[in-house]
Amino acid sequence: MPVFHFPDQGTRRPAEVVIDTRRLTMRNAADWQQQIVAECRRQRTLTPAVFRFLKGSGLLSRCTFLASEGPAAPLRFCYIGAPTVGVLGRGWARSVLDQPVDRDPHTEFARRVGAEYIEAMAGGEALFNRFAVAGLGRPFDYVQALFGWSDGGRRAVLACIDVKAPH
């Protein structure tokens with residue numbers, strides 16, 4: 001059951017969205033997240049080999065992938081993994097798949113996570129963060145290892161997500 005529930009907005013004021021983001025080191029990442037980051041570093045550019053690795057190792061379903069078509073094009077949700085669908089729901093996933101990230105209906109949450117995507121794409125290094133989220137339904141925690149690419153104006157980011165027990 002997704003954590004998002006949209007009550008009748010005419011009868012209730014929306015809850016304040018509270019997002020606590022903590023930067024951690026890759027040493028804190030799960031083994032499978034470290035394996036994905038190591039493969040992305042080994043490949044150095046986004047190639048089909050990255051996806052062959054993810055599929056072959058059975059890790060693709062734990063990832064969410066976003067990419068742009070060119071320099072002026074926005075990031076789009078290209079693949080949404082099971083942990084993300086489990087937290088945000090199938091309806092949300094269907095509504096944003098192949099859509100620009102700025103169409104995500106959870107504006108504040110998308111803005112905060114989007115800032116991490118931008119940093120991962122610009123820096124060329126993996127990031128590892130813990131998010132504690134409240135105000136979007138049941139509170140939830142997750143950690144994500146991010147690896148981003150930027151090549152010739154085309155951008156992409158791979159989020160390796162592990163949802164933790166609610167806080």
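The model is predicted: local features need pLDDT of at least 70, side-chain atom pairs count only at pLDDT 80 or more, and totals for chains, interfaces and linings use all residues. Residues are numbered from 1 along each chain as its sequence is written, and side-chain values use heavy atoms, with hydrogens and water left out. The protein chain has five helices and six strands. One cavity of 30 Å³ or more turns up in a search of the whole structure.

**Fold**

- The elements of the protein chain run β-α-α-β-β-α-α-α-β-β-β from the N terminus.
- Helices (H or I, at least four residues) and strands (E, at least two) are DSSP runs, numbered from the N terminus.
- The protein chain has 167 residues, and 43% of them count as buried.
- Buried means under 20% relative accessible area, exposed means over 50%, and partly exposed lies in between (1.4 Å probe, protein chains only).
- Take the contacts (heavy atoms within 4.5 Å) between residues at least 6 apart in sequence: 57% join residues at least 24 apart.

**Largest cavity**

- A cavity is a set of points, on a 1 Å grid over the protein atoms alone, where a 1.4 Å probe fits but cannot get out; lining residues have an atom within 4 Å of a point.
- The largest cavity holds about 230 Å³ of space.
- Its lining has 19 residues, and Thr84, Leu88, Phe109, Tyr117 and Tyr142 are the closest to its centre.
- Volume here is the space filled by probe spheres set on the grid points, which are joined across faces, edges and corners.
- Helix H3 (82-88), helix H5 (107-123), strand S5 (140-151) and strand S6 (154-164) each supply at least two lining residues.
- H5 gives the most to this lining, with five residues.
- By class, the lining of the largest cavity has 14 nonpolar residues, four polar and one charged.
- Ala, Val, Leu, Ile, Met, Phe, Trp, Tyr, Cys and Pro count as nonpolar; Asp, Glu, Lys and Arg count as charged; the others, Gly among them, count as polar.

**Second largest pocket**

- A pocket is an open set of grid points with protein on both sides within 12 Å along at least five of seven lines.
- The second largest pocket has a volume of about 180 Å³.
- Its lining has 13 residues, with Val101, Asp102, Ala110, Gly114 and Ile118 nearest its centre.
- H5 supplies the largest share of this lining, seven residues.
- The lining of the second largest pocket divides into seven nonpolar, two polar and four charged residues.

**Nonpolar cores**

- A nonpolar core is a set of buried Ala, Val, Leu, Ile, Met, Phe, Trp, Tyr and Cys residues joined through side-chain atoms within 4.5 Å.
- The largest core has 26 residues; Phe109, Tyr117, Val133, Tyr142 and Val157 have the most contacts inside it.
- H3, helix H4 (90-96), H5, strand S4 (127-134), S5 and S6 each give two or more residues to this core.
- H5 gives the most to this core, with five residues.
- A second, separate core has 22 residues, including Cys40, Leu59, Cys63 and Ala156.
- Beyond its neighbours within four places in sequence, tyrosine 117 contacts Leu66, Leu75, Gln144, Leu146 and Val157.

**Asparagine 129**

- Asparagine 129 lies in strand S4 and is buried, at 1% relative accessible area.
- Its side chain makes a polar contact of 2.7 Å with that of arginine 23 and one of 2.9 Å with that of glutamate 116.
- A polar contact is a pair of N or O atoms within 3.5 Å; within protein, one must be able to donate a hydrogen and the other to accept it, and residues adjacent in sequence count only if both atoms are side-chain atoms.

- Most residues other than glycine have a negative phi.
- Arginine 44 has a positive phi near 65°, sits in the loop between helix H1 (31-43) and helix H2 (48-56), and is exposed at 69% relative accessibility.
- Aspartate 98 has a positive phi of about 65° and is found in the loop between H4 and H5.
- Arginine 76 lies in strand S3 (residues 76-79) and is partly exposed, at 28% relative accessibility.
- Not counting residues up to four places away in sequence, arginine 76 touches Phe65, Leu66, Ala67, Asp98, Gln99 and Pro100.
- Arginine 76 and alanine 156 are 80 residues apart in sequence but 8.9 Å apart in space, C-alpha to C-alpha.
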